[in-house]
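Morning, everyone. Let me put one model on the screen, and then I'll walk you through the parts worth a look.

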Amino acid sequence: FFVPVQADLGEPLAMALAAGSAFRQKLAGLDRELTTITIWTYPDSFAEYRQLKKELYQMGFSVAGRPLEADARIGISSSGSKSSAQ
C-alpha cells in the first residue's frame with residue numbers, strides 16, 4: 001500500500017479548479033473518451049466531491065465515486081474492482 005512520504009500531497013480544491021493549476025495540466029493530457037476519473041471521498045468532504053464531480057463532467061470526463069469511512073485509507077490493487085462511472 002502507499003503511504004504519504006511528504007506533507008504536500010496536492011492542491012486545495014479551489015486552487016486545483018483554477019485555470020493553469022497543476023490538476024488541470026494533468027487532466028489536459030488525458031483522453032476524455034477513454035478516461036474515467038475515480039474520486040475517493042471521506043464523509044466530511046461530500047460537498048467538495050460534488051463540486052469536483054460537476055467540474056469534471058463539464059470538462060467531458062466520466063466520474064466514479066468511492067465513499068470511504070472516516071478512518072479508512074485509500075486502497076487500490078490490480079486485482080481490485082474496476083471503477084464505473086454513472
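Start with a term. Helices here are DSSP runs of H or I with at least four residues, strands are DSSP runs of E with at least two, and both are numbered from the N terminus. Now find Gln-51. Gln-51 sits in helix 3.

Some ground rules. This is a predicted model, where local features need pLDDT of at least 70 and side-chain atom pairs count only at pLDDT 80 or more, while totals for chains, interfaces and linings use all residues. Residues are numbered from 1 along each chain as its sequence is written, and side-chain values use heavy atoms, with hydrogens and water left out.

How confident is the predictor? pLDDT is its confidence in each residue, from 0 to 100. The mean pLDDT of the protein is 84, and 79% of its residues reach 70 or more.

The cut-offs are under 20% for buried, over 50% for exposed, and partly exposed in between, with a 1.4 Å probe and protein chains only. Leaving out residues up to four places away in sequence, Gln-51 touches Leu-13 and Leu-17; contact means heavy atoms within 4.5 Å. Gln-51 and Leu-17 are 34 residues apart along the chain, yet their C-alpha atoms are separated by 9.6 Å.

Leu-17 also belongs to the largest nonpolar core, which has 10 residues, including Ile-37, Ile-39, Tyr-49 and Phe-61. Such a core is a set of buried Ala, Val, Leu, Ile, Met, Phe, Trp, Tyr and Cys residues joined through side-chain atoms within 4.5 Å. Strand 1 (36–41) and helix 3 (46–58) each supply at least two of its residues. Helix 3 gives the most, with three.

Look at strand 1. Its covered face holds Ile-37, Ile-39 and Thr-41; Thr-36, Thr-38 and Trp-40 make the uncovered one. In a regular strand, side chains alternate between the two faces of the sheet. Strand 1 runs parallel to strand 2 (residues 62–67), joined by six bridges. Pairing takes at least two DSSP bridges. Thr-38 stands opposite Ala-64 in strand 2.

Last stop, Ser-21. Ser-21 lies in the loop between helix 1 (13–17) and helix 2 (22–28). Ser-21 is buried, at 5%. Beyond four places in sequence, Ser-21 contacts Glu-11, Met-15 and Ala-16.

Terms used. pLDDT = per-residue confidence, 0-100.
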